[in-house]
Structures are given as structure tokens and as C-alpha cells.
Amino acid sequence: MGTHTPAGLTRQAPAAPAGTPGDHTRRDLLRLATAGSVDDGKSTLIGRLLYDTKSVLADQLSAVERATAARGGEGSGVDLALLTDGLRAEREQGITIDVAYRYFSTARRAFVLADTPGHVQYTRNMVTGASTAELAIVLVDARKGVLEQTRRHAALTALLRVPHVVLAVNKMDLVDFDESTFRSIATQFADYARVLGLPTVHAVPLSALDGDNVVERSGRTPWYDGPTLLELLESVPVARDAAVEPLRLPVQYVIRPRTPEHPDYRGYAGKVASGVVRVGDDVRVLPSGRTSRVVGLDTFDGPLAAADAPRSVTVRLADDLDVARGDVLVPADEQVATGQDLVGTVCWLTERRSVPGARVLVRVGTRTVRGLLREVDARLDVDTLTVEQWDAVDTRHTIDATDTSAEAAPRSLGLNAIGRVRLRLAEPVVLDDYATHRRTGGFLVVDPADGSTLAAGLIGPTLLDRLAPVRADDDWLAGAGI
């Protein structure tokens, strides 16, 4: 990434105090992630957004100036990429390794931005950064076009069902802002996006280094009449109609003060994941299935008549039910799937390989249960969009969880691999499809020995299942009592 002086670079004033246009608490919130190939300029773009929206503190800019000078950039300006490349190893190598989160706001909207790695060995980091994103910015170097890693990150974006996608064709200054180059890349990516089932893609020609079409419209692209990148970020719809979403409220804590003032108080505290809960609503507690009526909604600031996502609230019920952490409150009249057999798509997050029959912990929402990894029956190649399927237990290979070599057993998942797993759980859990319930349709697979996360998963059909649907007779292990 270049280090010459970015256009209009001057020292930034401190961030605005609360209640001003810099305050994050009083406007819509958009979570977004950047992705793309190596050296497409992701960190520089984020640095430009932070700088041009006046979200850089004076001491942060001073630290970046020192880091730029330490890398031999003294006299050539400030490298804005260093605003997000926070790890020492990243600064020394000039690449992004970890997921760097940054917060900024404009007069219209607040943003939580995740700068995700471009290298293939850090696919797990990209999955982490994009899992909660409502918009993904996929960067492409105008000189190189759509590359293998670009397609990989587009496929992961589709897998995670990120609702909005922006194609940022960066480094247009290095191709003299040629319109035909931009149109060709935009068309190629749009064709691939249709295969993936991605929503409408907005393409923007820009130069992150010089600021063209990032915040301000560029005079060097007279042929482009679309919005700037920031205009897109400020205008994509993020507001959800809580009234039409089904209620999901995972219980985090049961409050029983047992004080003289509140001897019989019993409240169920949690964050409303989706929908709205009102005093007087009939709710069902899952997985037990018992029903009751909401008689109170308490918060630190006082009681409420209704609470919608993502409000944290304490719910009081008319009946003394056996409700514990991990239970989920849902509408009493809604049929919600629960069960002990979980089929989902996972991204394997550790170098220890998956081992069929391994005992694991599975976390769904606020509930953690013991489980058995029954099998891995498919593995997705996100580069070629092909799925390798297996329909029987692999008896030819003994899987060593610590074997990371290329000769390791083929029917297992290694670091960064994406595959379909079957888990048998010791207790029933809510099985919301991730496709319709992004906030409650995910799960984690955890090693019970040391608490490390083995995999992050999505419940129900995903891109993998669209390419290779689950067959009705695939669950042959059930006959063996596994």
C-alpha cells in the first residue's frame, strides 16, 4: 500500500462529545465488514473512512505518524492503513491478520466496521467479522480484477447471508480511472454473485489512497453518476420492523433477590434477539414448552410496556415456571422447532481436525449442552463452489486430530474448512434456521477439555445445501444408535 500524502491530510480534531453528530447512541447502527484479496487496499479504505468522517483522535494520528516513520515512510506522508492494522506483526508485514473493529459515525448513522483478513489462511477471521455484518464491502484491485480470493470472500458472504453487498473497485487511479475497466470488473462480479444467490450488488469506482468516491464525489470519474461509498453506507436499509419479526428472547440470567423489599421477585433477564415482547403477551418457554403471560418488563431505568430488539430487559411471568439460563421465550402460538439432532454448516476454526464420535459442547444462544459429533458428510470448496459428499463412515483412515498435513484423513475438517456436520445433543435446543433467524440460528462447537472454540456453525440450509442438498436417507447412523 502506498504511503504518499493522502489528499487533504491535516491533523484531526478530537471526536465530538455525546449528543453531537459524533455520538453513536442516537442514530441507526450499521454493522459492516470489508473483504477482498491481499493488498486490495482494505485497511487504507477504512483509514480513509475514519479520517474523512473525522473519527481519528490526535493521539491516534500521532501514533500512526510514528509507525509510518519507523517503516521508512518519513517525508512521504501518513499511511492511513495503519489506523486499522493494529497488531505489531501486521504493521511489520503490511498485511491484515486479525479482525480489527473500528467505530465511527456521521450525522445520519453510526457504524461498527470489521476489517477482515484477505489471506486464505485467515478465512476463519473473515467468517468471524462478517457473521454479524449487515453489509459487506468486497474490494477489488482495478489492475487485477476478480481473483480467487475475491470469489472466496464473495462465497463466504453468501454463506453467511449478509443482506447488502458493495463492490469497491479500488486503485482506479492506477488505471487512469478507465470506465471500461470498471464496467468489466463490475459485470464479472455481478455474474458470479448471481450464481451465489447474493442480493443486488452496488459497484463503486474509487481510490482509497486519494479519497475519490469514498466520502466526496470525484471529478475524475465523470462517467459515474452513482452514490459515493459513504452515501451507500448511509442509505442502505437497516431498520427492522420488530412488530413483524417473531419474538426470540434467550434467557441469560434468573434474578431472585430474596430481599425484604423483593422477597418473591423472579425475573428472567436477557436481550431481545428479534421481535417485540409486550406486557400481556402469552409466551412459550422452550425447550420445555410451558406457557405463561408476561406481567412485567423491568429495566434499570424503570418498567416498560414493550421492548423490542436489541433491548436488554427483565421479564416477569404470571406463573412460577422452571426457567433457567439457556431457555428461550417465543410467542405461545408459534410452532418453533426444537430437538436434539442438529444438522448445520460449520467453519472449522482450529488446527485440530474434526473427529467423528468426539464429545463436544454445543452453544446455541445462551444454552450450552453436551453433544457428540456424529459425522461430517460434506465439505465445500468455496473457490470452485463444488461440494465433496460422503455417504458412509470412512473405515480406511484413522483420523488424528493433531494431523495438519496434506495426507490427513480426507473425511474430516481442518483449519478454515467449511463442511456439513451432524451433532447429537444431550438435551433439546431451539433449532432456528439461520436463513430466517440470523441472531438465533448460529451455534458454536467447543472442546470440553480446554474450552477452545472448534467451529462456528449455521443451523439449517445454507449455500452448501443449495449446491448439495441433504438426502432424506442420509441419516444412516441413526440405525446404529449413534
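Modeller: A residue counts as buried when its relative accessible area is under 20%. By that cut-off, 51% of the 482 residues of the chain are buried. Keep in mind that this is a predicted model.

First, the setting. The chain holds 8 helices and 23 strands. The whole structure has 24 salt bridges.

Now the part you asked about. Five residues, Glu375, Asp377, Arg420, Arg422 and Asp465, are linked in a network of salt bridges. Take the pairs in turn.

Glu375 and Arg422 form a salt bridge through their side chains, at 3.1 Å from N to O. Glu375 sits in strand 19 and Arg422 in strand 21 (residues 418–430), so this pair ties together parts 47 residues apart in sequence. Both Glu375 and Arg422 are buried.

Next comes Arg420. Its side chain meets that of Asp465 in a salt bridge, 2.8 Å from N to O. Arg420 belongs to strand 21 and Asp465 to helix 8, so the pair joins parts that are 45 residues apart in sequence. Arg420 has a relative accessible area of 1%, so it counts as buried. Asp465 is buried too, with a value of 11%.

Helix 8 (463–467) has another partner: it is among the elements that the buried residues of helix 6 pack against. Those buried residues are Phe182, Ile185, Ala186, Phe189, Tyr192, Ala193 and Leu196. Seen down the axis of helix 6, they fall within an arc of 130 degrees, so they line one face of the helix. Strand 4 (135–141), helix 5, strand 5 (164–170) and strand 6 (201–205) also pack against the buried residues of helix 6.

Back to strand 19, for one more pair. Arg367 forms a salt bridge with Asp327, the closest N and O atoms being 3.2 Å apart. Arg367 is in strand 19 (residues 367–381), while Asp327 is in the loop between strand 15 (312–317) and strand 16 (328–331). The two are 40 residues apart, and the pair links distant parts of the chain. Arg367 is buried, at 13% relative accessible area. Asp327 is buried as well, at 8%.

To recap, Glu375 in strand 19 pairs with Arg422 in strand 21, and Arg420 in strand 21 pairs with Asp465 in helix 8.

Definitions and conventions. Residues numbered from 1 in each chain as written. Predicted model: local features only at pLDDT ≥ 70, side-chain atom pairs only at ≥ 80, totals over all residues. Heavy atoms only, no water. Buried < 20%, exposed > 50% of the residue type's maximum accessible area, 1.4 Å probe, protein only. Helix = DSSP H or I, 4+ residues; strand = E, 2+ residues; numbered from the N terminus. Arc of directions from axis to C-beta. Contact = heavy atoms within 4.5 Å. Salt bridge = Lys/Arg side-chain N within 4 Å of Asp/Glu carboxyl O.
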